[in-house]
Amino acid sequence: MTRSVLMVLTSHDTFGTTGRPTGFWLEELVVPLEAFRDAGLAVDLASVRGGRPPVDPASTGDAALDPALDADLTRTVPLASVDPAGYDAVFLVGGHGTMWDFPDDGSLSGIVGTIGRTGVVAAVCHGVAGLLGATTPTGDPLVAGRTVTGFSDAEELLAGATAALPFSLERRLKDLGAVVEIGAPFTSTVRRDGLLITGQNPASSAGVAAAVVDALALP
C-alpha cells in the first residue's frame, strides 16, 4: 500500500511590520517533495488558507517556478478541510511566514497531533513553529521532553531577522520542554526522536526528507 505525506505551507506573506515580503522557503518544499515522489510516496500539498501560498522571493533568486509545481501550488488545500486520518506523515515546510500563522492555527495543531499518535511528524527550519501548538493525547505539548532542532537564534541574528520576529523559535521550544539541539549556523542539522523528525535550516531539507522516507519504510 502506498504511504502518503501531507506537506503544509504558510499562507502569510508579510515580514512583521517591515513591509518585506516573505512566505515559504522554496528549497524546503522542492527538495523534500522530489525525495518523497522518488521514493514512491503519495504527496498532497496544503496551506493554512488554501490556494496559492506565498513564496519568499529571497528563496527563488531569478529562477522561475517549475510549471508543474506552479500548477500544484495554485491548488493547495486549506487546512480546515484536511482529514489527517488519510496520511502516514505530515511535513511542515519552513519559511519565515510560518512564524505568524503556524503556531496558533487550530487545524494545523489538530492535524499534527492526530498524525503524531501513530505516524511521522516532520518539520524543517521555521516549519518547526507548526509543532508549538500540537499536543499529545494526554494534553502535553508534543515537543515536551523530545529532542528537536529548528532555525536558531544565532541564524536569525545572522539573517537580520531578530527584531521583526513575533518570538524566538528556539526559546519557545525550550519553554515547552523540548530538548533543543542546535548545530553550526546554516549547516545541515537533523534530529530524529522516534517518529518526530526536525531539521534546523534550508541545508537540512534533504536530510529531513531522507529520515522521513526511512521512517515510512519501517513495518
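This is a predicted model: local features need pLDDT of at least 70, side-chain atom pairs count only at pLDDT 80 or more; totals for chains, interfaces and linings use all residues.
## A buried charge without a partner

A salt bridge here is a side-chain nitrogen of Lys or Arg within 4 Å of a carboxyl oxygen of Asp or Glu. Glu 28 is buried but forms no salt bridge; the nearest side chain of opposite charge belongs to Arg 20, 12 Å away.

Glu 28 sits in helix H1, which spans residues 26-38. What surrounds Glu 28, leaving aside neighbours within four places in sequence? Its contacts are Met 7, Phe 91, Val 93, Gly 94, Gly 95, Val 124, Cys 125, Asn 201, Pro 202 and Ser 205.

## Asn 201, one of those contacts

Asn 201 belongs to the loop between E11 and helix H7 (205-217). Because its relative accessible area is 0%, Asn 201 counts as buried. A polar atom of its side chain lies 3.0 Å from the backbone oxygen of Thr 187.

Not counting residues up to four places away in sequence, Asn 201 touches Glu 28, Val 124, Cys 125, Phe 151, Glu 155, Ala 184, Phe 186, Thr 187 and Ser 188.

## The E10 and E11 hairpin

Strand E10 (residues 190-193) pairs with strand E11 (residues 196-199) in the antiparallel sense, over four bridges. Arg 192 has Ile 197 in E11 as its bridge partner. Two residues lie between the strands of this hairpin, where Gly 194 adopts a positive phi near 65°.

## Helix H4 and its cover

Helix H4 covers residues 106-118, and its buried residues are Leu 108, Ser 109, Ile 111, Val 112, Gly 113 and Ile 115. Among the elements covering them are strand E1 (4-9), strand E6 (89-92) and strand E7 (120-124). At the start of H4, a side-chain oxygen of Asp 105 comes within 3.2 Å of the backbone nitrogen of Ser 107.

## Nonpolar cores

The largest nonpolar core has 34 residues, of which Val 90, Leu 92, Val 112, Leu 131 and Leu 173 touch the most other members. Two or more residues come from each of E1, E6, H4, E7 and helix H6 (169-175). Which element gives the most to this core? That is H4, with four residues.

Val 90 shows how these pieces meet: beyond four places in sequence, Val 90 is in contact with Leu 6, Val 8, Ile 111, Val 112, Ile 115, Val 120, Val 121 and Ala 122.

Methods
Residues are numbered from 1 along each chain as its sequence is written. Side-chain values use heavy atoms; hydrogens and water are left out. Buried means under 20% relative accessible area, exposed over 50%, partly exposed in between (1.4 Å probe, protein chains only). Lys and Arg count as positive and Asp and Glu as negative; His and the chain ends are not counted. Contact means heavy atoms within 4.5 Å. A polar contact is a pair of N or O atoms within 3.5 Å; within protein, one must be able to donate a hydrogen and the other to accept it, and residues adjacent in sequence count only if both atoms are side-chain atoms. Two strands pair if DSSP finds at least two bridges between them. A nonpolar core is a set of buried Ala, Val, Leu, Ile, Met, Phe, Trp, Tyr and Cys residues joined through side-chain atoms within 4.5 Å.
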